[in-house]
Protein chains: 2
Amino acid sequence: MRTTRQRQVILEELRKVTSHPTADEVYEMVRKRLPHISLGTVYRNLELLSAAGEIQTLGLAGTQKRFDGNPANHYHARCLKCGRVIDLDLPVKALNGLEDAVAETSGFKVVGHRLKFLGLCPRCQKEEQKQDR
Amino acid sequence: MRTTRQRQVILEELRKVTSHPTADEVYEMVRKRLPHISLGTVYRNLELLSAAGEIQTLGLAGTQKRFDGNPANHYHARCLKCGRVIDLDLPVKALNGLEDAVAETSGFKVVGHRLKFLGLCPRCQKEEQKQDR
DNA sequence: ACAATAATAGTAATGATTACTATAAAGAAT
DNA sequence: ATTCTTTATAGTAATCATTACTATTATTGT
Ligand SMILES: [Mn+2]
Ligand SMILES: [Mn+2]
Ligand SMILES: [Zn+2]
Ligand SMILES: [Zn+2]
């Protein structure tokens with residue numbers, strides 16, 4: 001995999017944020033520095049970087065994929081109202097016992113798991129309170 | 001929500017299987033009994049039944065949504081090779097402690113979580129062994 | 001600098017899902 | 001049972017995220 005300016009900037013910009021942007025959001029971010037980059041290049045590099053383990057592709061909800069500049073396994077919480085996705089710092093190993101249990105009962109060779117929490121973010125909770133009054 | 005023959009058959013067929021079919025797979029299943037049903041009707045009813053809590057919509061992987069005739073919260077394991085999705089019967093309450101921890105540390109009002117395991121199904125493990133020889 | 005080849009920009013194609021609309025069916029009222 | 005109101009359907013068109021294609025450009029090893 002060659003080191004192109006486009007690939008480099010995509011990775012840099014994605015690692016700057018914790019907002020789990022969609023491909024077109026990454027495109028807008030990168031365009032500030034590389035105004036001539038094409039959307040296809042963004043898609044292709046997000047795919048390649050993900051396959052290379054440099055970033056993560058998240059299928060959190062909605063129609064668009066979201067991308068995470070943090071390649072380490074970690075958990076997320078998604079707000080059901082505004083769609084915001086935040087990082088959690090729960091220890092991943094809390095689930096390792098469960099992985100073993102799944103392997104035993106299902107016969108699967110388990111290589112990992114994905115866990116996300118759903119709810120209302122602090123901001124949207126405040127909004128709800130306003131409406132209740 | 002009116003009880004139409006189409007809606008009824010879609011729900012019945014989906015509850016017959018544990019295979020988590022895609023919309024077009026449901027379409028094929030239902031067409032055996034209602035040859036004139038349209039794909040749009042299948043999509044619309046899967047959406048409505050899901051919103052009504054009669055079934056679940058799963059965003060497991062790939063481009064297509066999958067549907068689950070079992071509306072109760074339960075976990076899944078997906079095979080990375082063949083895509084098969086099986087049900088697990090882990091107790092959901094094993095994660096309730098984690099939900100509380102997430103609520104405290106993130107400020108989210110947590111209303112649920114989604115957990116899936118990734119790995120190789122028994123059948124695909126056998127295939128791998130063949131290749132190793 | 002040169003050659004080999006991987007990557008890009010721009011554009012077209014794909015494919016799952018959603019929207020639209022005239023017709024039909026369901027359920028309530030009579 | 002008949003009529004009426006409203007929701008749902010079939011068939012089709014439109015949408016939109018993503019992928020594929022291709023001529024040109026950039027990277028990297030020599
Ligand atoms: Mn993250
Ligand atoms: Mn299931
Ligand atoms: Zn929110
Ligand atoms: Zn398999």
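A polar contact, as I use the term today, is a pair of N or O atoms within 3.5 Å; within protein, one must be able to donate a hydrogen and the other to accept it. Keep that in mind. And note that this is a predicted model.

Let's start with the interface. Between chain A and chain B, ten residue pairs are in polar contact, both residues at pLDDT 80 or more. About 2,700 Å² is buried between the two chains. Carbon and sulfur atoms give 76% of that area. In residues, 31 of chain A are in contact with 31 of chain B.

Which elements of chain A give two or more residues to the side that touches chain B? They are β3 (75–79), β4 (85–88), α4 (96–106), β5 (109–120) and α5 (122–132). The largest share comes from β5(A), with twelve residues. By type, this side of chain A divides into 19 nonpolar, seven polar and five charged residues.

Now the metal. Ligand 2 is a manganese ion, and its coordinating residues are in chain B. Along the chain, the donors follow the spacing H-x47-D-x5-H-x1-H-x10-D.

Look at the pair B:H20 and B:D68, which links distant parts of the chain, 48 residues apart. B:H20 is in the loop between α1 (5–16) and α2 (23–31) of chain B. B:D68 is in strand β2 (residues 66–68) of chain B. Buried or exposed, B:H20 and B:D68? Both are buried.

Definitions and conventions: Residues are numbered from 1 along each chain as its sequence is written. Chains are lettered from A and ligands numbered from 1 in the order in which they are written. This is a predicted model: local features need pLDDT of at least 70, side-chain atom pairs count only at pLDDT 80 or more; totals for chains, interfaces and linings use all residues. Side-chain values use heavy atoms; hydrogens and water are left out. Donors are N, O and S atoms within 2.8 Å of the metal (3.2 Å for Na, K and Ca); water is not among the atoms, so sites may look incomplete. Helices (H or I, at least four residues) and strands (E, at least two) are DSSP runs, numbered from the N terminus. Buried means under 20% relative accessible area, exposed over 50%, partly exposed in between (1.4 Å probe, protein chains only). Contact means heavy atoms within 4.5 Å. Buried area is the accessible area (1.4 Å probe) that two parts lose on being put together, summed over both. A polar contact is a pair of N or O atoms within 3.5 Å; within protein, one must be able to donate a hydrogen and the other to accept it, and residues adjacent in sequence count only if both atoms are side-chain atoms. Ala, Val, Leu, Ile, Met, Phe, Trp, Tyr, Cys and Pro count as nonpolar, Asp, Glu, Lys and Arg as charged, and the others, Gly among them, as polar.
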